[in-house]
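Student: I have a chain open here and would like to talk it through with you. Shall we begin with the overall layout?

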Amino acid sequence: LLLERVLYDYKRDNIMLGPHGSVAAFDETFSFRARAHNTRGIPVKLEAEQVFPAGFKLDESTAPMETVDKDVLRFYLNLAPGEEKSVTYIVTVHHGN
């Protein structure tokens, strides 16, 4: 079983400045593509997790996903022998007040 996870887009926005001109808060948006390939001769159920800073928000996903604790995102894929599937998902992390 092969799993390749790629960050294909990144944005930093909603930048808020503090009273002295320093950055007080901002959002980071991460766009990922995960590609899974079942190289085995039997069906498999893939369970994959990714850790983010606490308080992240899942904005969009092409597969069912669940938040585990405050900082873990988990998804599942059922793959037939030799099958390949891709999943895309977008996560936003808010930093600051």
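Student: Read along the sequence, what pattern does the chain follow?
Tutor: Bearing in mind that this is a predicted model, the chain follows the pattern β-β-β-β-β-β-β when read along the sequence, and its secondary structure comes to zero helices and seven strands. The radius of gyration is 17 Å, well over the 13 Å that the globule rule gives for 97 residues, so the chain is more spread out than a compact globule.

Student: And what box do the C-alpha atoms fill?
Tutor: Taken along the principal axes, that box is roughly 60 × 25 × 15 Å.

Student: How much of the chain counts as buried?
Tutor: Of the 97 residues, 34% count as buried, while the chain exposes about 6,100 Å², with carbon and sulfur atoms supplying 51% of that area.

Student: OK, the core next. Which residues have the most contacts inside the largest nonpolar core?
Tutor: That core has 19 residues, and those with the most contacts inside it are Phe52, Leu73, Phe75, Leu77, Val87, Tyr89 and Val91. Strands S2, S3 (44–51), S6 (72–79) and S7 (84–96) each supply at least two residues of the core.

Student: What does valine 87 touch?
Tutor: Leaving aside residues up to four places away in sequence, valine 87 touches Phe32, Arg33, Ala34, Ser61, Thr62, Ala63, Met65, Phe75 and Leu77.

Student: Switching to charges, how many salt bridges are there?
Tutor: The count comes to seven salt bridges, one of which joins glutamate 4 to arginine 35, with the closest N and O atoms 3.2 Å apart. Glutamate 4 lies in strand S1 (residues 2–17) and arginine 35 in strand S2, so this pair ties together parts that are 31 residues apart in sequence.

Student: What about glutamate 49, which partner does it have?
Tutor: Glutamate 49 forms a salt bridge with arginine 74, the closest N and O atoms being 2.5 Å apart. Because glutamate 49 lies in strand S3 and arginine 74 in strand S6, the pair ties together parts that are 25 residues apart in sequence.

Student: Is arginine 74 buried or exposed?
Tutor: Arginine 74 has a relative accessible area of 18%, which is under the 20% cut-off, so it counts as buried, whereas glutamate 49, at 39%, is partly exposed.

Student: Last one: which residues form a nonpolar patch on the surface?
Tutor: Ile15, Leu17 and Val23 form such a patch, with about 300 Å² of accessible area together, and valine 23 is found in strand S2 (residues 23–37).

Key:
Residues are numbered from 1 along each chain as its sequence is written. This is a predicted model: local features need pLDDT of at least 70, side-chain atom pairs count only at pLDDT 80 or more; totals for chains, interfaces and linings use all residues. Side-chain values use heavy atoms; hydrogens and water are left out. Patches are made of residues with over 30% relative accessible area and no salt bridge: like charges are joined within 9 Å, nonpolar side chains (Val, Leu, Ile, Met, Phe, Trp, Tyr) within 5 Å. Accessible areas come from the Shrake-Rupley method with a 1.4 Å probe; for residues, only the protein chains shown count as cover. A salt bridge is a side-chain nitrogen of Lys or Arg within 4 Å of a carboxyl oxygen of Asp or Glu. Helices (H or I, at least four residues) and strands (E, at least two) are DSSP runs, numbered from the N terminus. A nonpolar core is a set of buried Ala, Val, Leu, Ile, Met, Phe, Trp, Tyr and Cys residues joined through side-chain atoms within 4.5 Å. Buried means under 20% relative accessible area, exposed over 50%, partly exposed in between (1.4 Å probe, protein chains only). Contact means heavy atoms within 4.5 Å. The radius of gyration is taken over C-alpha atoms; the globule rule is 2.2 Å times the number of residues to the power 0.38.
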